[in-house]
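Visitor: I have a chain to look through. Can you walk me through it?
Guide: Gladly; ask away.

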Amino acid sequence: LIISLLVASQVLPNSIMENEMTNDNNPALIDIYLEALKMQESSGNYQAQHKAEIITDIVTGKKIRVQAVGAYGILDINWTGTKTQKSWAEQAGYKNADWHDPVAQDAVAKYKVQEYFNRFGSWDLVSVAWFAGPGDADDLKNTGTLDMTQEDSNGTNVEDYVATMNKLIGDELMTMEVPMETFTPPQI
């Protein structure tokens with residue numbers, strides 16, 4: 001994956017490998033990652049509703065019911081926000097956006113993926129954060145270890161999720177059309 005991204009950075013102008021990471025730019029690699037994420041989470045279905053799960057709230061320690069929704073599998077609690085955290089939609093500038101809206105989904109996912117990349121500096125860690133949460137990505141970044149066998153309700157574990165994302169990103173890079181300039185040899 002790293003080599004693919006380095007190659008892409010050489011052929012894609014204004015790629016993430018060359019620019020400061022801000023939400024004001026639209027690097028092609030973020031778009032490639034988002035396409036892979038959409039395929040991984042829902043096969044591109046903006047109205048997808050995943051099986052609900054019971055998880056432990058990291059703030060309160062209480063069990064809560066969550067459901068991933070939309071093309072990017074964003075948890076419903078992240079769409080609505082909590083008493084202690086603004087919704088992801090509000091963070092992205094789409095306050096009160098309905099998760100059914102594909103434009104809002106794209107904007108929110110792009111905002112959060114950009115935020116995660118800025119924070120972790122690695123596509124693998126962005127995938128870990130998306131699947132298992134930013135706390136696990138922090139643990140992996142800081143200690144180099146993480147229980148990669150943690151599974152979701154579908155039986156997918158962290159290691160498989162990251163590997164699938166890397167394959168999807170690689171496939172996306174391989175099918176990407178890059179404009180080629182015609183070489184004209186110098187005239188003698």
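Visitor: Which residue just after α6 takes a positive phi?
Guide: This is a predicted model. Helix α6 covers residues 123-132. Just after α6, a positive phi of about 110 degrees is taken by G133.

Visitor: What lies at the start of α6, and which backbone nitrogen does the side-chain oxygen of S122 reach?
Guide: S122 sits at the start of α6. Its side-chain oxygen comes to within 3.2 Å of a backbone nitrogen. That nitrogen belongs to D124.

Visitor: How many of the 10 residues of α6 are buried?
Guide: The buried residues are W123, L125, V126, S127, V128, A129, W130 and F131. The helix is largely enclosed by the rest of the structure, because the buried residues of α6 number eight of the 10.

Visitor: At what angle do α6 and α7 pack?
Guide: Two packed helices are described by the angle between their axes and the distance between the axes. Here α7 spans residues 134-143. The axes of α6 and α7 are 6 Å apart, and the angle is about 145 degrees.

Visitor: Which residues make the contact, and how many of them are charged?
Guide: From α6 come L125, V128, A129 and A132. From α7 come P134, D136, A137, L140 and K141. By class, the contact of α6 with α7 has seven nonpolar residues and no polar ones; the charged residues number two.

Visitor: Is G73 buried or exposed?
Guide: G73 lies in the loop between β3 (68-69) and β4 (74-75). Its relative accessible area is 12%. The cut-off for burial is under 20%. G73 is therefore buried.

Visitor: What separates the C-alpha atoms of G73 and Q40?
Guide: G73 and Q40 are 33 residues apart along the chain.

Visitor: What share of the contacts with a separation of 6 or more comes from residues 24 or more positions apart?
Guide: The protein chain has eight helices and four strands. From the N terminus on, the elements run α-α-β-β-β-β-α-α-α-α-α-α. Residues 24 or more positions apart account for a share of 48%.

How values were computed
Residues are numbered from 1 along each chain as its sequence is written. This is a predicted model: local features need pLDDT of at least 70, side-chain atom pairs count only at pLDDT 80 or more; totals for chains, interfaces and linings use all residues. Side-chain values use heavy atoms; hydrogens and water are left out. Axes are lines fitted to C-alpha atoms, for helices over the stretch in contact, and angles run from 0 to 180 degrees between N-to-C directions. Helices (H or I, at least four residues) and strands (E, at least two) are DSSP runs, numbered from the N terminus. Contact means heavy atoms within 4.5 Å. Ala, Val, Leu, Ile, Met, Phe, Trp, Tyr, Cys and Pro count as nonpolar, Asp, Glu, Lys and Arg as charged, and the others, Gly among them, as polar. Buried means under 20% relative accessible area, exposed over 50%, partly exposed in between (1.4 Å probe, protein chains only). A polar contact is a pair of N or O atoms within 3.5 Å; within protein, one must be able to donate a hydrogen and the other to accept it, and residues adjacent in sequence count only if both atoms are side-chain atoms.
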